Amino acid sequence: MMPSKKFTSEEKGVIKAKKQIYIAEPKAGCKHEIMHGTIRFFVLLITMTLVLAATAMDSNDLPRRQTVAVVLSGGGAKGVAHVGVLRALEENAVPIDYIAGTSMGAIVGGLYAAGYSPDEIEELITSQEFLDASIGKMDKNYRFRLYEPEPSPAWVTLKFRFDQLAQFHDIIRENIPTNMVSPGVMDFLFMKYLQPASAAAGNNFDNLFVPFRCIASDITDKEAVVLRNGSLAEAVRASMTFPLYFKPIIIDGKVMFDGGMYNNFPADVVYEEFQPDFIIGSVVATNPKDPCIHDLYSQLENIFMTTSTYLLPGGNGVILYPDVPDLSVTDFSRSDELFIAGYEEALDKMGFIKAMVPNSRLRQEVQYKRFMFRQKFPREAIADIKTLSGDEATRDFARSFLMTEEDEISFETLRENYFRLISVDKFNHIYPRLVFDPLQNKYELHLELRKNNPLTRRIGGNLSSQSINQLYIYGAYERLGKRLFTAYSNIYIGNLYNSGNLGVRLNFFKAIPYYLQLETSISRWNYTTESVFFFEEQKPSFIVQQEFLNDFRIVFPARYKGVIEAGAFTSRHIDRYYNTSVFSRTDTTDETQLDPSGFYFSFERSGRDKFQFPRSGSYINATARYIMAREKYTPGTTSFNPFASTQSHNWWEINIQTENFLSARRSFRLAVSSELFLSNRPLLVNYSASKIMAKQFSPFPLATTKYLDAFRANQFIAGGLKALYLLNRNAHLQFESHVFRATREIIPGPNHGADYKDWLAKPVFMHNAAFVYHTVAGPLSISASYFQGESDPWAIMLNFGYILFNRRTF
C-alpha cells in the first residue's frame, strides 16, 4: 500500500489547476466542445485502433480482465468527495465497469454513467446554477420580474377552495408544506443533463456509458427499491429526495423518497446485480447519531433513516473514507476541500487498488468510449408539450408559456420558458419529463401540473417599538386560462397608517407578455409627536393625510429583470395640519384638498435579492409624471390666513432612484445609492401645505414612516453609501449614510406663505446602523437612526416584518 500523503496548499493548487487542462473532456452542457474538432476525433480513433489491434494480437495470451464496480454512499454536500475519487481512479487507469450510488452518490454516479467526466461533474455540482437549485433558488438571470408578486408584509399565506371556506382544519392541513426546498430548478437540471443519456441508452441503465444502479425508498411498502431502467433523471431525483427537504416524486405509481432511508451504501446491490471481481466503495456518511432535542435535522435522520451496513459483500474490495467536514445537506461552500479530500483518499489507497486490479484502462480508451457514447445523444429539440394533469384551462395556460409558433424549440428556449412558468408561482406541483420519440428524433415534454387553489388569504404586518405597528390582511381570487385573471383586496390597520385596496389584474401571455391592472385605494396617515404601541391613547396628530386613489396601468417586461409601466390616475388628497407646533385638543386644523389627475411612464429594473435590506444586486427606477390638480384651502384656528381659497395647478416631475452593490466579497459588501427629483411642482396656499406636499427623501424603511421636514423639497439630489458585513446566510450588520440637498429650499414667506430660497440649499445628512436577520416571514431588525435638522433627530427601533404601504399619489 502506498504511504499516506497529505497535500500542501501549493500541491492542492496544482491539482485544482490540472482540472483546467483535462485533455479531451468538454465542459458540462457545452455540446460544441464535445465536437471540438475533427483532428481530436482522428487522434482518438488512430490511438484506439492501435490499442485495440495490440490487444487483439495478445488476447489469447492475456487472462480475463477483472471487472471493477464503484459504490458511492449518500451524504449530502459531502458527496462532492466522490468526484475526487473518480478522478483519481481515471488518472491512474483503474477501470470502472459499473457504478452505483444513493442520494448524493446517485447524483455523482448517475452523471458519470451518463457520460460526464469527473471534471465536468465537479464543474456542474459546484456551479452557481446547481448551488441555487439545491436551495430552491432560481438563477436571477431567469427570474421574470413581470410575474413576480408585488411586495407584501405577509407572514402566512393560505390557499383554499370555495368548498373549504368553513373547513379551517382542511385549509391548514393542505397548506402545511411537504418540502422546504422548491424543486422546480433541480428537476429541470436533472432532466437536461441526464435525460439525453437515458434516451441514448433506451432507458436501460445497463446501456449507459457504464451500467448504473441507484436506490430509492418506497414509503408505501417501506422498502428499498433498486432502479435499473426507466428515466435516469427520475431515478436520480428519487434517490436524493430527503424527506421534508425536497418534494417526493412518483415512479410506477409509488411515492419515492431518498434511498438512504433504507440503503445508504448499495454495495450489496452491486454485488448481486453485476458480480464484479473488485468493489471500490466511497463513504462520506455514517448512521444517524442519537437524536438531540435541540436539533431538528438529527431528529429527522433518526425518524426516516434505518441503519445502513457500510461493508462490502464477499470481502474483495476496498472502502475509502475521505476526510470530510461535518456539513449540512445543501452546504456546498467547501466543495474544493471536499473534492481534494476524496482525491487524497483514493491516492492514499491507490497502491493497494492497483495491486488487486493489475489490469488497467488507458485514459484515451475511456475518453474515446465516453466520446462515442455521447455521440448517441439525440438532438436537443422538443417537438411537442403534453400536460398530464389539470383541466383544459390549466393546460392552455401552461402551453402559452412553453411553446412558441415554431415547430420545435431548443433546450435553451425551453429553459427560459419553463423558468418563466415557475416564476408565475401559480402551481403547487410541476414536474417535467422528457420522452424521446425515435421516429421524429425529437423529444416530447410531458408536464405534470397541479394548480394552486383559487382563493388566497394572507395575514401579516409589522411589529415595532416605534408607533408604526400594522396588521395586514389580503384576499384574492385567481382564474387560470389562456389569460390569468386576479381580483384582490387588502387592508392595513395601524396607528400610523390605515388603508384599504381593491383591484383586478389581467395577464396576457403573448410573444410580448403584459398585464392590465386597475385598482382603487383609500389611505390615511397619522403623523404624531410621540411613540405608542398600536391603539393606545395619544395626543392629536400634527399632520393627518387622507387619500382616495384610482389607478389604471399597463405593464410590459423589459427583458427579465425590468418592467415598463404606463398609466393614468385620478385622486383626492386631503392634508389636515396645524401651522404651529403648539396646539391643543380644541384647535382645528387647516385643510388643503388636492384633486389631481394625470398620467405617468416608468421603467424599473431590479436585481436585488431582497426588496428591503438587500445584500446584493442593483436597482433603478425612473418615473415621469404630468399632473393637473385643483387646490381647495379651508383655514383652521392656527391659520395665518383666515380666507378660504381655490386655485388650479399643473406640473411635471421626474424621479430617478438607483442602488448598486459594488463589492460582492463573501463577508464585506459596499453599495452606493442616489436619487434625483426634478419638477416644477407649485407652491401651495401656505408654507405648511407646500412643505407637506413636497417629496420626501426616504432611503431606508424607518425613514418612510416619519415626517422629515428637513428632507422635503420640490427639487433635490441625494446620495448614499452603505456598508454590509455578512454574519451568515441570513444575518448581517448594515451601516449607511445619506446626504440630501434641495436645489431650491422651501422657506416661510410673509403671513406664513411659501417661498423659495436661493439655489442649492445647505446639505443635510441622515445615518442608520442596523442588525438585520432575514426570516421566512420577514426581516427582524434593530436599528439606530439620526436625521440632521429634525426637532427629534434620534430614533431607535426594534422591528419585525416588512414596512410597506399601498400606492399613493404624493
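Predicted model: local features only at pLDDT ≥ 70, side-chain atom pairs only at ≥ 80, totals over all residues.

Residues are numbered from 1 along each chain as its sequence is written, and side-chain values use heavy atoms, with hydrogens and water left out.

**Whole chain**

Colour by secondary structure: the protein chain has 18 helices and 34 strands. These are DSSP runs numbered from the N terminus, helices being H or I with at least four residues and strands E with at least two. Along the principal axes, the C-alpha atoms fill a box of roughly 115 × 60 × 55 Å.

Switch to a surface. The protein chain exposes about 36,500 Å², and carbon and sulfur atoms supply 56% of this area. Accessible areas come from the Shrake-Rupley method with a 1.4 Å probe; for residues, only the protein chains shown count as cover. Of the 810 residues, 53% count as buried. Buried means under 20% relative accessible area, exposed over 50%, and partly exposed in between.

For contacts (heavy atoms within 4.5 Å) with a separation of 6 or more, residues 24 or more positions apart account for 67%.

**Stop 1: Ser103**

Select Ser103, in the loop between strand S2 (98–102) and helix H5 (104–113). Its phi is near 60°, a positive value in a residue other than glycine. Most residues other than glycine have a negative phi. Ser103 is buried, with a relative accessible area of 9%.

**Stop 2: helices H9 and H10**

Select residues 184–200 for H9 and 232–239 for H10; the two axes come within 7 Å and cross at roughly 135°. Axes are lines fitted to C-alpha atoms, for helices over the stretch in contact, and angles run from 0 to 180 degrees between N-to-C directions. H9 and H10 are therefore oblique to each other. Angles under 35 degrees count as roughly parallel, over 145 as roughly antiparallel, 65 to 115 as roughly perpendicular, and the rest as oblique.

Show side chains where the helices meet. H9 contributes Asp187, Phe190, Met191, Leu194, Gln195, Ala197 and Ser198, and H10 contributes Leu232, Ala233, Val236 and Arg237.

**Stop 3: Phe373**

Ala197 is also among the residues that Phe373 touches. Which helix holds Phe373? Phe373 lies in H15, residues 363–374. Phe373 is buried at 5% relative accessible area. Beyond four places in sequence, its contacts include Ala113, Ala114, Gly115, Ala200 and Phe209.

**Stop 4: helices H16 and H17**

Now select H16 (residues 392–402) and H17 (residues 411–424), whose axes come within 8 Å and cross at roughly 135°. That makes H16 oblique to H17. Phe397, Ala398, Phe401 and Leu402 of H16 meet residues of H17, among them Leu414, Tyr418, Leu421 and Val424.

**Stop 5: Arg559**

Move to the loop between strand S19 (543–558) and strand S20 (562–577), and select Arg559 there. Is Arg559 buried or exposed? Arg559 is exposed, with a relative accessible area of 74%. Arg559 has a positive phi of about 60° although it is not a glycine.

**Stop 6: Asp587**

Asp587 sits in the loop between S20 and strand S21 (590–594). At 23% relative accessibility, Asp587 is partly exposed. Leaving out residues up to four places away in sequence, Asp587 touches Tyr578, Thr637 and Thr638.

**Stop 7: Leu708**

Select Leu708, in the loop between strand S26 (695–696) and strand S27 (712–713). Leu708 is buried, with a relative accessible area of 2%. Its C-alpha atom is 8.8 Å from that of Gly789, 81 residues apart along the chain. Beyond four places in sequence, Leu708 touches Gln696, Phe697, Ala703, Met766, Phe787 and Glu790.

**Stop 8: Arg807**

Finish in the segment after strand S34 (794–800), where Arg807 lies. Arg807 is partly exposed at 34% relative accessible area. Outside four places in sequence, Arg807 is in contact with residues including Glu519, Glu547, Asp551, Glu565 and Tyr600.

Note on methods:
Buried < 20%, exposed > 50% of the residue type's maximum accessible area, 1.4 Å probe, protein only.
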